[in-house]
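Dear colleague,

I am handing over the structure below, together with an account of what was found in it. Please look through it before reading on.

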Amino acid sequence: MEHFYWSLIIILFIVSFVGLVYPIIPSVLFLIAGFLLYGFVFTFDEFNWLFWVIQGLFVVLLFGADYLANMIGVKKFGGSKAGIWGSTIGIILGPFVIPVFGILIGPFLGAIIAEFAVNKKEWKEAVKIGFGSVIGFISSVVTKGIIQIIMIVYFFLVI
């Protein structure tokens, strides 16, 4: 039975990484679910207050990395708040509208459409902002992936 529970914990951790590419999946909830499942099935003894504080800080970093990377990517390429919002909406809708490639095309098109519609940007400038949103998204995925790996490694070090 122990193997079954460990398999579930590992599956929860894997799903958290799928959430990096499909933002509709709340990665952090699957990570925490893995920690909690371990605690309920095996023991919470190893999880002292320091463990939860450190993991909580990593959760804050995950949310911050997501927002900041998108914002910096769009702003660095001349975008506005409209571009950031368009990119964010594109990240969420893209995978559903255009399976597989929608995760990259969505924020790109979202930023372009928002800059066109709200700020009346020229095509060339809007496309540049769209590329910035994709760079921001990819940076976010890499950063969040590193943070999640650190969270999981810390979990295994503690137990």
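The secondary structure of this protein consists of six helices and zero strands, where helices (H or I, at least four residues) and strands (E, at least two) are DSSP runs numbered from the N terminus. Read from that end, the order of elements is α-α-α-α-α-α. Please keep in mind that this is a predicted model, in which local features need pLDDT of at least 70 and side-chain atom pairs count only at pLDDT 80 or more, while totals for chains, interfaces and linings use all residues. Residues are numbered from 1 along each chain as its sequence is written, and side-chain values use heavy atoms, with hydrogens and water left out.

Taken along the principal axes, the C-alpha atoms fill a box of roughly 60 × 30 × 20 Å. Of the 159 residues in the protein, 42% are buried (buried means under 20% relative accessible area, exposed over 50%, and partly exposed in between, with a 1.4 Å probe and protein chains only).

The largest pocket has a volume of about 560 Å³. Of the 24 residues that line this pocket, P23, F63, D66, Y67 and K144 are the closest to its centre. Two or more lining residues come from each of α1 (2-21), α2 (27-41), α3 (49-76), α4 (81-97) and α6 (123-158), and α3 gives the most, with seven residues. By class, the lining has 15 nonpolar, five polar and four charged residues. Grid points are joined across faces, edges and corners, and the volume is the space filled by probe spheres set on the points. Ala, Val, Leu, Ile, Met, Phe, Trp, Tyr, Cys and Pro count as nonpolar, Asp, Glu, Lys and Arg as charged, and the others, Gly among them, as polar.

Next come the charged side chains. A search of the whole structure finds one salt bridge, that is, a side-chain nitrogen of Lys or Arg within 4 Å of a carboxyl oxygen of Asp or Glu. The partners are E125 and K121, at 3.3 Å from N to O, and E125 counts as partly exposed because its relative accessibility is 34%.

E115 lies in helix α5 (residues 102-119), and its side chain reaches the backbone nitrogen of G83 at 3.2 Å.

Helix α5 also holds A114, which counts as buried because its relative accessibility is 12%.

In the loop between α5 and α6 sits K120, which has a positive phi of about 50° although it is not a glycine. K120 counts as exposed because its relative accessibility is 64%.

Finally, K81 lies in helix α4 and, at 62% relative accessibility, counts as exposed.

With kind regards

Note on methods: 1 Å grid on protein atoms, 1.4 Å probe; cavity = no way out; pocket = protein on both sides within 12 Å on 5 of 7 lines; lining within 4 Å. Polar contact = N/O pair within 3.5 Å; in protein donor to acceptor, adjacent residues only side chain to side chain.
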